[in-house]
Amino acid sequence: MHSNIKGGSWLAGLFLLYVIGAGTATASELVAEVWKDPDCGCCNEWIQHLEEAGIQVRTFNIGNTAIREQFGIARQFGSCHTARIGGYAIEGHVPATDIKRLLKEKPEAIGLAVPGMPIGSPGMDGPLYGDRKDPYDVLLIHVDGSTSVYQAYR
């Protein structure tokens, strides 16, 4: 009987290690690396939006043009900052809810983009803009470079 208790404890310990390991992997997905211009205020507002949504951020204030190209995001989808999270590229003012959905669904894709800087998107929604909200789309950038609308905001 004593050996069964040891065996049960061993299995419980193994299960606990599995759960702790799985939790760590999930948490590590919620760390974004962001490349931006050091003087861009809307980028800082977007970073704050991510942090408020529980995403940790590491910032590189060196611009984003080179990294955008490295991640395979065409210039036409460009914005003022580029991020990498969970193996995906994130270009521009993508809402945190769409990033979390992407990480949950895990489509085969390069990532998400909100081209330009639409007013009303996260980081472009402060008091300076009043209540103005321009319509915009979050695009899913497929591996072949084509896009589809991932989420529309109207």
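**A walk through the buried parts of the model**

Hi everyone, let's start with R68, which is found in helix α3, residues 65–70. Helices here are DSSP runs of H or I with at least four residues, strands are E runs of at least two, and both are numbered from the N terminus. This is a predicted model, where local features need pLDDT of at least 70, side-chain atom pairs count only at pLDDT 80 or more, and totals for chains, interfaces and linings use all residues. Residues are numbered from 1 along each chain as its sequence is written, and side-chain values use heavy atoms, with hydrogens and water left out.

So, is R68 buried or exposed? R68 counts as buried because its relative accessibility is 9%; buried means under 20% relative accessible area, exposed over 50%, and partly exposed in between, with a 1.4 Å probe and protein chains only. Leaving aside neighbours within four places in sequence, R68 is in contact (heavy atoms within 4.5 Å) with I73, A74, G78, S79, T82 and E91.

Next, A32, in strand β1, residues 31–36. A32 is buried too, at 2% relative accessibility. R84 is 52 residues away from A32 in sequence, yet their C-alpha atoms are 5.6 Å apart.

Now the cores: a nonpolar core is a set of buried Ala, Val, Leu, Ile, Met, Phe, Trp, Tyr and Cys residues joined through side-chain atoms within 4.5 Å. The largest has 23 residues, and W46, L50, I90, I99 and L112 have the most contacts inside it. Helix α4 gives the largest share of this core, 4 residues. Apart from it lies another core of 10 residues, including F71, I73, I110 and L139. Thanks, everyone!
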